[in-house]
2 protein chains.
Amino acid sequence: MIHWKPLLDALEAGDEQTVRSLSDAMHPADAAAFFGSLNDRDRHRIAGFMSAQALDLVATFLEPSEAADLFHGVPLHRLGDTLNGLPDDVLVDILQELEPELREDYFLLLSDEKRALAAKLLSFPEESAGGRMTTAMATVREDMTIRQAIEELGAKKEETEVLSRIYVVDDEGHILGKVRLRDLAFNSRSMLVRDIMDDERLAINAHADQEEAVAMMRKYNLIALPVVSDHGRLLGVITHDDAMDIQAEESTEDIERMSAIGGTRDDEGYLRSSVAAHLQRRFFWILGLAFIGILSGIVLYNFEGILASQFLLAVFVPMVVATGGNTGAQAATMVIRAMSLDEFTPSAYLKVLWKEFRIGLFMGALVGVIVASAAYVFIHFFAIPRGIITISGGLGIGRFAMTIGIALASQVTVSASVGASLPILARVAKLDPAVVASPAITTIVDIIGMLIYFGLAKQILHL
Amino acid sequence: MIHWKPLLDALEAGDEQTVRSLSDAMHPADAAAFFGSLNDRDRHRIAGFMSAQALDLVATFLEPSEAADLFHGVPLHRLGDTLNGLPDDVLVDILQELEPELREDYFLLLSDEKRALAAKLLSFPEESAGGRMTTAMATVREDMTIRQAIEELGAKKEETEVLSRIYVVDDEGHILGKVRLRDLAFNSRSMLVRDIMDDERLAINAHADQEEAVAMMRKYNLIALPVVSDHGRLLGVITHDDAMDIQAEESTEDIERMSAIGGTRDDEGYLRSSVAAHLQRRFFWILGLAFIGILSGIVLYNFEGILASQFLLAVFVPMVVATGGNTGAQAATMVIRAMSLDEFTPSAYLKVLWKEFRIGLFMGALVGVIVASAAYVFIHFFAIPRGIITISGGLGIGRFAMTIGIALASQVTVSASVGASLPILARVAKLDPAVVASPAITTIVDIIGMLIYFGLAKQILHL
């Protein structure tokens, strides 16, 4: 546990010197977490006291919007140093958060070199490989000796994020292979880079989706993935820590889509997002699904005659409908997650459907038999003798239980197939499977369930 | 795209030499993916032909159960070399997959050193930091010169997984700090390790949950996280690639739990898991939720009188109920995901509830007003003139629409709060929030929704 009290006391007393030395001495990740717990005024005051180097470090551990907020507290004459000292991917992420006008002010504070770099990086979409890369990678030439390579890298080491993988490039910047820092450190300094490099040229196009980049890094266990232009020139790398962030973001997106939450999660996180921001992501789905829900109601309304003649049927409507929804959600989740983890290709879609059909069939048969038997026992031995349920007309309890069982079994079988089909159809139509699946499944399965249930009741119970 | 045809042809022709040279030359990650597409017989035959070194590499890119399966194809006299050549965390993961008897056979093939190490690693639970660490980390002493450190590391570099972070330990193995390989490579070789090391001692206890380890690696952007004993001795490290795997597993677990899927995902993935294995994870939830669903039915059954006197009410039952379910699921998802990402601590629970209450209130008011207005317009101007809906008795359409609107607004407000409360209660009770949330929310919200709706109908419509 870290004790913040001395820092807060010094801040209260306006002791700039002490605030600076204490905040500069913190681990930047801890400082970043601590800043989140402060009010705006205190956070900005501390930022105003800190050195540019310490601020840069903290900014790399903050979400871009939080870092942008922090910089509001930095006096203008120190902001230039701070901005120019940021790793370029962090700088670009922060610039992306700013209002156009403020972004231009910040641009003016950048060195010529940084400005050109930032402009180039800003040209890639935020969620592309290019939008997530850093250009601070290490490169060498194949005809260098290890001694020359170490000298060149040593001069640049402060600007380089990942040094454990060093890319060997030709005159045009195409990747010829890579060397590991350990290969440089543990070999004779007179050897040539060419002699110790491997010819691995794994790379991703700058316009590819960030999700593809992460899938590649997971497949090949990479610490860093080179990002190349359409002409195959090395532009930058995606580092392991960004890959973890991207992976977490993509999982969050899947989970949220499946629960009918739209838009993208704010960098600020749950608590700091305003009620209005939350409403914006949730309201339209809830409203839309409410209107769709009226469809199920209209279907139910059309069975008034059957329900009127045997109201006991109503007891099992919510169960049949909900069981379909649950089965469909299970199937959809399995398929969507397997797609996200790149577990199967389009060629396997039919296999997936065949598997879910069998799972639905077996599960439906089991659930149908068990629930029907339980319903029979409950109604016959418990509910009727105690007067909890009254049966009108000459309804046979056996036939009634059979209706429930067959309806459930059919509903589960159909729902598993619907749940598996919809994400696949969405993928084929180039839509996000997670967005399509959840609301569509519920609606379709609700209506199918009532049609099956009342249809069977009509047939079997002669209503 | 890689062309497998020559390899398959050589396999068909039984040309061991060619199979070995071709399979040894593949990128092991590509070989791992390729093996997944083969039938058992071909996969085992290729494994039998491959060199021990190539097999070891491929095994590191396979799920442990897949690697265990692959080894069935390796002749016994070559299996010892293969097992002894594996990174220790991969070896242990594979041993964990084996039947006890086979595991003993494999143990006998290990060198004394490997056997002792494996026994030690197997003593940690599979999902703990100790269960996921590798012991192949690099350590140096603070009184070494850089020259000595490089010599010592150079001798061990082939056994070391992560060399970019080198831990400085004392006689008892406590971490004093770390040096980066770049610090060794770019400084004068006569300097002491002590002079260039930093004093970062971030580490995690071997018995801590793997999820905590990943949270720490994300917070501090670590390539590797040291794992220590209860006495603070360095036992191993969790590497960035394992961290990505753990993160993906934990997200999968959250998503599956929220869709009422039990147990743990098989290493084999979706398609290779048998129908029986899928049933085992899904059947009991579906059955249990079906029985719980009967509760909603019984509640509905008790409002027979109200429905009989005004069946039009039935049209809006599914919508009110489902809207509650959707709102509750949204709220629960937001809270569960924020918990998984360590976004708030227990001290913020009341703030979360207050936020969800406000979101529910605003969203409910909006949805209630819009749906009630739409219902009024639809019934008055469309459904009644066209005979789609008939209204019995002296029911006023205005009052009817008001009933729907107030019911929806209350249902949404309550459901948002229920959806946020349940994961928090689960966390307080030390249960998995994702397991508790989904089924409990649906059940509670279904019943509350009907009570609100019919209760209001009774009051407002005097039924």
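Let us start with one pair: Arg43(A) and Asp69(A) form a salt bridge, with their closest N and O atoms 3.1 Å apart. A salt bridge here is a side-chain nitrogen of Lys or Arg within 4 Å of a carboxyl oxygen of Asp or Glu. Because Arg43(A) lies in helix 4 (residues 40–49) of chain A and Asp69(A) in helix 6 (residues 64–71) of chain A, the pair ties together parts that are 26 residues apart in sequence. Helices (H or I, at least four residues) and strands (E, at least two) are DSSP runs, numbered from the N terminus.

Before going on, keep in mind that this is a predicted model, in which local features need pLDDT of at least 70, side-chain atom pairs count only at pLDDT 80 or more, and totals for chains, interfaces and linings use all residues. Residues are numbered from 1 along each chain as its sequence is written, chains are lettered from A and ligands numbered from 1 in the order in which they are written, and side-chain values use heavy atoms, leaving out hydrogens and water.

Are Arg43(A) and Asp69(A) buried or exposed? Both are buried, where buried means under 20% relative accessible area, exposed over 50%, and partly exposed in between (1.4 Å probe, protein chains only).

Now look at another pair in chain A. The side chains of Lys178(A) and Glu200(A) meet in a salt bridge of 3.9 Å, N to O. Lys178(A) sits in strand 3 (residues 175–180) and Glu200(A) in the loop between helix 14 (193–196) and strand 4 (204–205), so this pair links parts 22 residues apart in sequence. Lys178(A) is buried, at 10% relative accessible area, whereas Glu200(A), at 22%, counts as partly exposed.

Next, turn to where the chains meet. The contact (heavy atoms within 4.5 Å) takes 111 residues from chain A and 111 residues from chain B. Six salt bridges are counted between the two chains. Arg218(B) and Asp245(A) meet in a salt bridge through their side chains, at 3.3 Å, N to O. On the side of chain A that touches chain B, helix 17 (residues 275–301) of chain A gives the most, with 19 residues.

Finally, find helix 19 (residues 317–340) in chain B. Of its 24 residues, 20 are buried, so the helix is largely enclosed by the rest of the structure. Just after helix 19, Asp342(B) takes a positive phi of about 60°.
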